[in-house]
Amino acid sequence: MAISEEAILKSELRWAMVVGAIVAVILGAILYAAIAMHINPPSNREYVDPNTLHLSAEFTEANLGTRVDPTGQVVARIIATQFEFVPNCIVLPAERDVTLRFTTPDVIHGILVTGTNVNTMVVPGYVAQVHTRFTKTGDLLMPCHEFCGLGHTQMLATVRVVPPEQFRPAPDGRIACGNRR
Ligand code: CUA
C-alpha cells in the first residue's frame, strides 16, 4: 500500500518540530552561556608592534606583572613567549575586578586559567585583554593551550589568587610572587 501524501506531510512536520526544538535548545544554551555564565568571545581589538614590545612603554620587562593603577584598577601584564610566560607567576586579589593584558613577540599562544572562564588567544601584533573577578583563592594553573612549538607542553604559569586583605601592593602599586620571578 502506498503511503498517503497526508501521512508524509505529517511525518515531515513532526521532524521539522524536532529540528526546531533542537535548534531552540542550542540557541538557548549559547545565550545562557553568554548572559548568565559570561562566556563570550574576546571583543577587544588593540594593536601593538611585536618587534618593539621590549622597547615600548607598556610591555617593557620592568612593567610586567601585577600593578594597581592610580585609579585603583588591578592590571596584570604578561608576555607569552616561546616557551614561557613573563612573569611566570602573578598575584591577584579575589573578589575584586582585575584586568589581564597579554601579548607575544613571536607566535600564536593561548591562555586559560584553570577553573575560571579566563580563556583567550594571544596573537602577535595584538593585545589580548580579559576582565574578570576571581572568587576562589589559591594557586591556579595558567597553561598555554595553543600549540606553539616543541616547548609548548612546558609553557605554564601560576595565578596566585589571594584574599583581598592579603593583597598588599608596594607603595608604587606593584606586587609579585615572593622570590619567584
Ligand atoms: Cu605557547 Cu603553547
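## Val-68 and its contacts

Leaving aside residues up to four places away in sequence, Val-68 touches Gln-73, Val-74, Arg-96, Phe-167, Pro-169 and Gly-173. The model is predicted. Val-68 sits in strand E1. Its relative accessible area is 17%. The cut-off for buried is under 20%, so Val-68 is buried.

Another residue to look at from here is Ile-175. Val-68 and Ile-175 are 107 residues apart in sequence. In space, their C-alpha atoms are 8.4 Å apart.

## Elements of the chain

The chain holds one helix and 11 strands. Read from the N terminus, the order is α-β-β-β-β-β-β-β-β-β-β-β. Helix H1 covers 5–35, and strand E1 covers 65–68.

## Dimensions and contacts

The radius of gyration is 23 Å. A compact globule of 181 residues would come near 16 Å. Along the principal axes, the C-alpha atoms fill a box of roughly 85 × 40 × 30 Å.

Buried residues make up 35% of the 181 in the chain. Now take the contacts between residues at least 6 apart in sequence: 63% of them join residues at least 24 apart.

## Surface and charge

The chain has an accessible surface of about 11000 Å². Carbon and sulfur atoms account for 61% of that surface.

There are 14 positive and 16 negative charges. The mean positions of the two sets lie 7 Å apart.

## The aromatic pair

How many aromatic pairs does a search of the whole structure find? It finds one. The partners are Tyr-47 and Tyr-126. Their ring centres are 5.3 Å apart, with 50° between the planes. Planes under 30 degrees apart would count as stacked, and over 60 as edge-to-face. The pair therefore counts as tilted.

Are the two residues buried or exposed? Tyr-47 has 57% relative accessibility and counts as exposed. Tyr-126 has 36% and counts as partly exposed. The cut-off for exposed is over 50%.

Terms used
Residues are numbered from 1 along each chain as its sequence is written. This is a predicted model: local features need pLDDT of at least 70, side-chain atom pairs count only at pLDDT 80 or more; totals for chains, interfaces and linings use all residues. Side-chain values use heavy atoms; hydrogens and water are left out. Helices (H or I, at least four residues) and strands (E, at least two) are DSSP runs, numbered from the N terminus. The radius of gyration is taken over C-alpha atoms; the globule rule is 2.2 Å times the number of residues to the power 0.38. Buried means under 20% relative accessible area, exposed over 50%, partly exposed in between (1.4 Å probe, protein chains only). Contact means heavy atoms within 4.5 Å. Accessible areas come from the Shrake-Rupley method with a 1.4 Å probe; for residues, only the protein chains shown count as cover. Lys and Arg count as positive and Asp and Glu as negative; His and the chain ends are not counted. The place of a charge is taken as NZ of Lys, CZ of Arg, CG of Asp or CD of Glu. Rings of Phe, Tyr and Trp (its six-membered ring) pair if their centres lie within 6.5 Å; planes under 30 degrees apart count as stacked, over 60 as edge-to-face and the rest as tilted.
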